[in-house]
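Dear colleague,

Please find below the structure that I am handing over to you.

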Amino acid sequence: VEYYLDNIQQKQHLNAFLEVWPDEARAQADAVDAKLQAGTAGKLAGMVIGLKDVLAYKDHALQSSSHILDGFRSLFTGTAVQRLLDEDAILIGRQNCDEFAMGASNETSYFGPVRNELDTDRVSGGSSGGSAVAVQADLCLASIGSDTGGSVRQPAAFCGVVGFKPTYSRISRYGLIAYASSFDQIGTLTRSVEDAALLLEVMAGADNFDSTVSHHPVPAYSQQLEPAAQYRIGYIKDCLERPGLNEEIKAATEEALDLLRSQGHVVEAVDFPYLDYIVPTYYILTTAEASSNLGRYDGVKFGYRAPDATDLESLYKKTRAQGFGPEVQRRILLGTFVLSADYYDAYYTKAQQVRRLIKEKTDELLRQYDFLVLPTTPTTAFHIGDVNKDTLAMYLADIFTVQASLAGVPAISVPAGTDSEGLPIGLQLLAGAFREEHLLAFANSIA
Ligand code: GLN
């Protein structure tokens with residue numbers, strides 16, 4: 001704990017943590033010590049973990065890196081976080097992220113961007129940027145983030161760490177601030193696949209507080225990391241031919257595929273006809289869900305309240321205009337538009353239908369193949385300020401991560417070397433729903 005507190009202190013310029021809990025972490029460490037002596041310590045004893053600012057932890061500030069939740073403290077602890085505590089994890093602080101997890105660079109945070117430790121002029125990725133940099137810069141052993149369309153995998157790729165998103169519904173969302181509820185999933189940022197497996201094993205499983213959570217039994221993922229001798233691996237040809245894909249990332253992906261082939265795995269190119277539709281479908285559906293989920297922030301119940309309101313309507317308007325940043329406002333407007341009576345069928349219903357096609361095709365491929373392998377991102381970490389100016393470019397950069405999110409299948413980004421400038425490259429692996437134990441074993445063998 002002292003080691004990490006020291007690092008956090010020395011690396012404040014990275015802006016990864018919004019708040020640190022030194023006294024509590026020390027007290028938890030002492031308690032864990034005593035349990036270790038007594039032989040009663042839990043599975044995560046001594047693991048120092050940071051929480052993305054979207055996870056409820058009783059009596060701790062919680063604000064999704066948004067001005068609109070200023071001063072809000074959580075009244076309860078979410079299920080996943082409680083399970084970490086029950087296994088004696090030590091929680092060290094709250095991590096910066098994009099506002100309401102909307103973004104891919106951590107630049108939409110009310111608290112400013114997180115800096116990539118490898119080059120502090122570059123972004124961390126997002127939205128779990130603080131969580132990724134915290135692991136990259138050794139500010140904690142592991143971070144718990146959330147992934148709606150790539151938010152643990154993309155920053156993991158930019159920071160050279162492991163980012164893992166389980167199957168939709170594998171981990172209870174009770175206590176996770178909602179962005180797009182049919183996509184949101186808690187995920188992890190770690191140094192090793194083994195740590196990701198251990199954390200999943202602790203957090204996953206049935207929960208009376210989330211009616212959508214899966215009741216599938218939870219295997220001992222961390223004990224099943226032995227890979228099979230031969231897998232069937234598919235890769236989507238068009239992903240590698242995509243304009244805008246960085247040549248070095250393309251080469252690293254091809255190299256990884258060649259290596260797998262040389263190791264005796266079956267590696268085949270597959271067709272996926274919907275590549276052009278996945279980003280639009282994702283943004284129509286997630287903005288629609290977000291516009292509804294964020295309706296609750298009205299200045300009455302949570303956090304910030306505009307001081308100059310004159311009546312109820314002006315309270316709503318002023319609070320939301322002052323409290324939400326531009327990206328969140330843009331998405332609420334877009335989501336409200338696609339849900340409006342005149343456009344509902346043209347956009348929202350259509351996008352639901354396309355999501356179904358994407359899911360069915362992805363599931364079919366993941367029945368034919370054990371895994372799909374693709375890049376995590378089209379580029380390496382870009383400069384702070386570069387893409388944030390161009391909203392559409394930022395959305396399009398989610399091309400490789402949102403397929404797994406639309407389909408609800410598990411996906412992991414593992415480090416796959418660096419480019420000629422020394423910037424990390426991520427390789428992404430997808431598996432069929434609830435095949436985490438195979439995905440993690442395979443990822444562990446190549447990470
Ligand atoms: N970049 C994507 C978005 O802005 C993903 C965010 C996320 O997974 N939370 O929606």
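An oxygen atom of the ligand lies 3.3 Å from a polar backbone atom of Gly150, which is a polar contact (a pair of N or O atoms within 3.5 Å). The model is a predicted one, in which local features need pLDDT of at least 70, side-chain atom pairs count only at pLDDT 80 or more, and totals for chains, interfaces and linings use all residues. Residues are numbered from 1 along each chain as its sequence is written, and side-chain values use heavy atoms, with hydrogens and water left out.

For Gly149, a polar backbone atom is 2.6 Å from an oxygen atom of the ligand. Arg331 contributes a polar side-chain atom, 2.9 Å from a ligand oxygen atom. The protein covers 99% of the 290 Å² of accessible area that the ligand has on its own (Shrake-Rupley method, 1.4 Å probe).

The shell around the ligand holds 15 residues, of which Thr148, Gly149, Ser151, Tyr179 and Tyr282 come nearest. By class, the shell residues are six nonpolar, six polar and three charged; Ala, Val, Leu, Ile, Met, Phe, Trp, Tyr, Cys and Pro count as nonpolar, Asp, Glu, Lys and Arg as charged, and the others, Gly among them, as polar.

Arg331 belongs to helix 11, residues 326-338 (a DSSP run of H or I, at least four residues, numbered from the N terminus). Arg331 is buried, at a relative accessible area of 3% (buried means under 20%, with a 1.4 Å probe and protein chains only).

With kind regards

Notes
Near = heavy atom within 4 Å. Polar contact = N/O pair within 3.5 Å; in protein donor to acceptor, adjacent residues only side chain to side chain. Helix = DSSP H or I, 4+ residues; strand = E, 2+ residues; numbered from the N terminus. Buried < 20%, exposed > 50% of the residue type's maximum accessible area, 1.4 Å probe, protein only.
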